[in-house]
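Work through these exercises with the model open beside you. Each task is followed by its solution.

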Protein chains: 2
Amino acid sequence: MRYELYYWPSIQGRGEFVRLALEDAGADYVDEARRPKGMAAMMRFMESSAIDRPPFAPPFLKAGKLVIAQTANILFYLGPRLDFVPKSEPSRLWAHQLQLTIADWVAEAHDTHHPISGSLYYEDQKKEAKRRAADFTAERIPKYLGYFERILKRHSKGGGYLLGKKISYVDLSLFQMIEGLRYAFPRAMARLEPKRPLSIALHDRVAARPRLAAYLTSERRIPFNQDGIFRHYPELDE
Amino acid sequence: MRYELYYWPSIQGRGEFVRLALEDAGADYVDEARRPKGMAAMMRFMESSAIDRPPFAPPFLKAGKLVIAQTANILFYLGPRLDFVPKSEPSRLWAHQLQLTIADWVAEAHDTHHPISGSLYYEDQKKEAKRRAADFTAERIPKYLGYFERILKRHSKGGGYLLGKKISYVDLSLFQMIEGLRYAFPRAMARLEPKRPLSIALHDRVAARPRLAAYLTSERRIPFNQDGIFRHYPELDE
């Protein structure tokens, strides 16, 4: 099966959580919007009235006749197919629950620089962004990081992964969260990381996986930038 | 199977999306935190280090040995069990995708009155709330409502439901969104509803379902109030 991923071609964003799973699994996929005229094709698809089950927004994945949107939903679908989650229903629901918690975290990370509106420039909501980012680094990052550290404490014996012995797509997503937060809030993360050794060890273990390490240094990995979900505005950091 | 639902006992909030499905299906369930000492029991459970797969936040559902959190995940689990979604994987993923889009909408509705921080009072972020709510009513409600109206246009032939002929849990959730938005933003909704006749017809069809109608007028339906996700601050409406 050749998967077709559709996402904004110039940012990591939410699409990156899907890219990481496809890359680490060595899956056959095309990042459609990054091909010549791919962006126009993505927009045409989204606006087409011929699409039976249109996505609300990218990312979405075409898998044969299926079109699946919502990042966590895409990963739920891919999980067993890429051997990135146990096949039992309780384990799949648990992995998905963790992924949805990460999705909430991602949305909050985005809103630090866009607390008023996604259609206004950062500069037009900078004052509000400072207040929201202060709460995010003081309250929300510690709360989420602490939660995942707690999960790792309970489950990682023998493997060091969120689901236990074997890696899952949620581990890749937690890696990506830590990467993104380090880019956006380096000072806050320098303060917060030492208390979460299991999460950082997981991050490092994921980064060292051969396929993922190759991907991260390839041109396919779009660098973090000031258009994505994670943005580095020093005035928003601690 | 007797389901045990855990959610804040004094608000509709995210738990209401689960309550509506359980109520309409006539399922055997207990709203645990609303029982005497139930709130304390919920907090103890969340903080217990003996829980293998702890929720990040309510709502969560106990179903036998399973503990499932994240509203959309709970509904994904309940869907086929309450006969509220077709059993095929593509249909389940599609329903879930719509539900996750509603979850994003719910989070945005919440942030209209708490754009800076969930741990500050509304009064301490009122200025920012006015800006965010203005964007929400002008841009976001129309975008989401328009999306679901478009889905209804494509799928509702013969039945008038989001998935087609048969009702699903997503229809109940769209009903609840419209209810909540009417409570919070009556002027904006009065302006926006006339252009979305299929969504409003769906809302009315859901409200008229015998079990649901009985629930909505019962004491089990917590009235909307100023502690929930949907709050009516006239200064935030159009």
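**Exercise 1. Find the residue in strand 3 of chain B that is the bridge partner of B:Y6.**

Step 1. The partner of B:Y6 is B:F60. Strands are DSSP runs of E with at least two residues, helices are runs of H or I with at least four residues, and both are numbered from the N terminus.

Step 2. Look at the two strands. Strand 1 (residues 3-6) and strand 3 (residues 60-63) of chain B are antiparallel and share three bridges. Two strands pair if DSSP finds at least two bridges between them.

Step 3. Chain B has an open sheet of four strands, ordered 2-1-3-4, with mixed pairing. Strand 2 (29-31) and strand 4 (66-69) of chain B are at the edges with a single partner strand each, so one side of each has no neighbour in the sheet.

A note on the model: it is predicted, local features need pLDDT of at least 70, side-chain atom pairs count only at pLDDT 80 or more, and totals for chains, interfaces and linings use all residues. Residues are numbered from 1 along each chain as its sequence is written, while chains are lettered from A and ligands numbered from 1 in the order in which they are written.

**Exercise 2. Trace the path from strand 1 to strand 2 of chain A.**

Step 1. Strand 1 (residues 3-6) and strand 2 (residues 29-31) of chain A run parallel, joined by three bridges. Within this pair, A:Y3 has A:Y29 as its bridge partner.

Step 2. Between the two strands, the chain passes through helix 1 (residues 15-25) of chain A. This β-α-β crossover is right-handed: with the strands pointing away from the viewer, the path from the first strand over the helix to the second runs clockwise.

**Exercise 3. Decide why helix 3 of chain B counts as largely enclosed.**

Step 1. Nine of the 11 residues of helix 3 (residues 71-81) of chain B are buried, so the rest of the structure largely encloses this helix. Buried means that 20 or more other C-beta atoms, placed from the backbone, lie within 10 Å of the residue's own.

Step 2. Name some of them. The buried residues include B:I74, B:L75 and B:F76.

Step 3. Find the cover. It includes helix 4 (89-113) of chain A. From chain B, helix 1 and helix 6 (169-184) are among the covering elements.

Step 4. Step past the helix. B:D83 follows helix 3 of chain B and has a positive phi, near 60 degrees.

Notes:
A residue is buried if 20 or more other C-beta atoms lie within 10 Å of its own, exposed if 12 or fewer, and partly exposed in between; C-beta atoms are placed from the backbone. Two residues are in contact if their C-beta atoms, placed from the backbone, lie within 7 Å.
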